Amino acid sequence: MPKRLRLDEYTNGVLHGQRSVLARAITLVESQRSADRTLAQNLVQSIMPHTGSSIRIGISGLPGVGKSTLLDALGMLLIEKGHSVAILAVDPSSNMGGGSILGDKTRMHQLSHEPNAYIRPSASGTNLGGVARKTRESILLCEAAGFDIIIVETVGVGQSEVEVSNMVDCFIALMLPGGGDELQGIKKGVLERADIIVINKADEERLMLARATLREHRAALHYLRPRHPSWKPVAMMTSAITGMGLEELWRTIQEHKKTLVTCGAHAELRAEQQRLWMWRLIEDGLRDRFFAHPIVQNLLPIYEQEVEQGLRLPTRAATLLLASFFQSEDNHMHPQRITNIKGHSSIEDE
């Protein structure tokens with residue numbers, strides 16, 4: 001494992017756009033090691049004055065919808081227009097082995113060789129919604145490194161639409177031609193979060209089907225309340241193979257930002273992102289402290305086994321674990337209240 005840099009080395013390297021240092025900085029903020037957390041927090045604090053000027057875009061869609069191929073083509077278009085693009089591609093981790101493919105660089109053939117593009121694959125780990133736990137911090141690091149367009153790409157599963165839309169300015173949902181038979185609950189959830197709906201893979205053999213799907217989505221948008229009162233969601237078609245719709249997509253993204261900035265909604269959106277980031281940090285901190293507590297580590301395997309065997313109700317087990325944790329925390333703050341909390345009982349004696 002490479003030696004950790006000093007705070008000033010991380011900061012200066014990121015601010016000067018050094019790719020190797022940026023990669024190590026993102027690895028640092030993603031680290032679960034307690035020894036890295038203070039340094040990571042100080043690093044984020046040091047680069048904060050150099051953040052906030054990029055366009056933050058979120059792209060989500062089911063597997064096979066063509067996200068990586070579209071981003072490869074869109075990213076090249078943006079670079080040709082003089083922009084620098086950072087793509088944070090989040091792969092969902094396996095529930096069984098915990099592994100992640102992290103193959104986005106291999107699917108973005110052109111961008112992976114571009115000096116003005118940076119692709120960072122990350123695993124979602126145990127975080128809900130298929131979004132990496134430290135994606136917000138990674139966005140800030142990429143902004144500080146000089147990238148003016150940050151794109152967060154994730155698989156459209158679970159709560160990913162909500163998670164991504166809460167950390168970006170413009171959220172784009174990719175749909176496949178002929179997707180009208182999807183479960184309505186999933187489809188409605190996507191449409192409610194999206195600023196732009198894109199019917200992707202509108203290639204020659206699917207063009208007619210894509211047009212029909214586009215009409216369906218445009219009709220559906222009339223019945224949903226938009227995320228921002230000042231912006232009416234837009235539906236369009238794209239094809240990464242032919243390049244159709246890419247210019248229109250970029251113009252729409254720019255129009256979306258201009259609209260939000262003009263009415264003041266963009267500043268409110270960024271403030272909301274900050275507030276939600278604070279709450280995410282609180283939730284993560286409480287979760288980490290709970291599972292790292294020695295009493296929880298001692299009782300959790302016992303309660304898990306009893307729940308699996310039907311000896312204890314899950315609600316009761318959760319209540320006792322939380323009570324043990326909070327009582328121990330209270331005793332730590334007030335040593336005179338220390339009591340024995342290691343005892344436990346099963347359903348038979350409750």
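Contact here means heavy atoms within 4.5 Å. The model is predicted: local features need pLDDT of at least 70, side-chain atom pairs count only at pLDDT 80 or more, and totals for chains, interfaces and linings use all residues. Residues are numbered from 1 along each chain as its sequence is written, and side-chain values use heavy atoms, with hydrogens and water left out.

1. Gly-64 and its contacts. Not counting residues up to four places away in sequence, Gly-64 touches Leu-176 and Lys-201. Gly-64 sits in the loop between E1 and helix H4 (67-80); helices (H or I, at least four residues) and strands (E, at least two) are DSSP runs, numbered from the N terminus. Gly-64 counts as partly exposed because its relative accessibility is 47%; buried means under 20% relative accessible area, exposed over 50%, and partly exposed in between (1.4 Å probe, protein chains only).

2. Lys-201. This residue belongs to the loop between strand E6 (196-199) and helix H9 (207-221). Its relative accessible area is 26%, so Lys-201 is partly exposed. The phi of Lys-201 is positive, near 60°, and the residue is not a glycine. Most residues other than glycine have a negative phi.

3. Strand E1. Seven of the seven residues of E1 (residues 55-61) are buried, so the strand is largely enclosed by the rest of the structure. Ile-55, Ile-57, Ile-59 and Gly-61 point one way, while Arg-56, Gly-58 and Ser-60 point the other way. In a regular strand the side chains alternate between the two faces of the sheet.

4. Pairing of E1. Two strands pair if DSSP finds at least two bridges between them. E1 runs parallel to strand E4 (residues 149-155), and seven bridges join them; within E4, Ile-150 is the bridge partner of Arg-56. E1 also runs parallel to strand E5 (residues 170-175), here with four bridges. In E5, Cys-170 stands opposite Ile-57.

5. Ile-57. With 1% relative accessibility, Ile-57 of the chain counts as buried. Leaving aside neighbours within four places in sequence, Ile-57 is in contact with Ile-149, Ile-150, Ile-151, Val-152, Val-168, Cys-170, Ile-172 and Ile-253. Met-167 is 110 residues away along the chain, and its C-alpha is separated from that of Ile-57 by 8.8 Å.

6. Helix H6. Ten of the ten residues of H6 (residues 135-144) are buried, so this helix is largely enclosed by the rest of the structure. The buried residues include the charged-class members Arg-136, Glu-137 and Glu-143. H6 is followed by Gly-146, which has a positive phi, near 105°.

7. Nonpolar cores. A nonpolar core is a set of buried Ala, Val, Leu, Ile, Met, Phe, Trp, Tyr and Cys residues joined through side-chain atoms within 4.5 Å. The largest has 44 residues, of which Tyr-10, Leu-22, Leu-141, Cys-142, Phe-147 and Ile-197 touch the most other members. Helix H2 (residues 19-30) supplies the largest share of this core, six residues. Apart from it lies another core, of 31 residues, including Ile-55, Leu-70, Cys-170 and Leu-246.

8. Leu-22. Which residues is Leu-22 in contact with, leaving aside its neighbours within four places in sequence? They are Val-14, Tyr-118, Leu-141, Cys-142, Ala-145 and Phe-147.

9. Cavities. On a 1 Å grid over the protein atoms alone, a cavity is a set of points where a 1.4 Å probe fits but cannot get out, and a pocket is an open set with protein on both sides within 12 Å along at least five of seven lines; lining residues have an atom within 4 Å of a point.

10. Second largest pocket. This pocket holds about 440 Å³ of space. Of its 18 lining residues, Arg-37, Gln-41, Lys-134, Glu-137 and Leu-281 are the closest to its centre. By class, the lining has seven nonpolar, five polar and six charged residues.

Definitions and conventions. Grid points are joined across faces, edges and corners, and a volume is the space filled by probe spheres set on the points.
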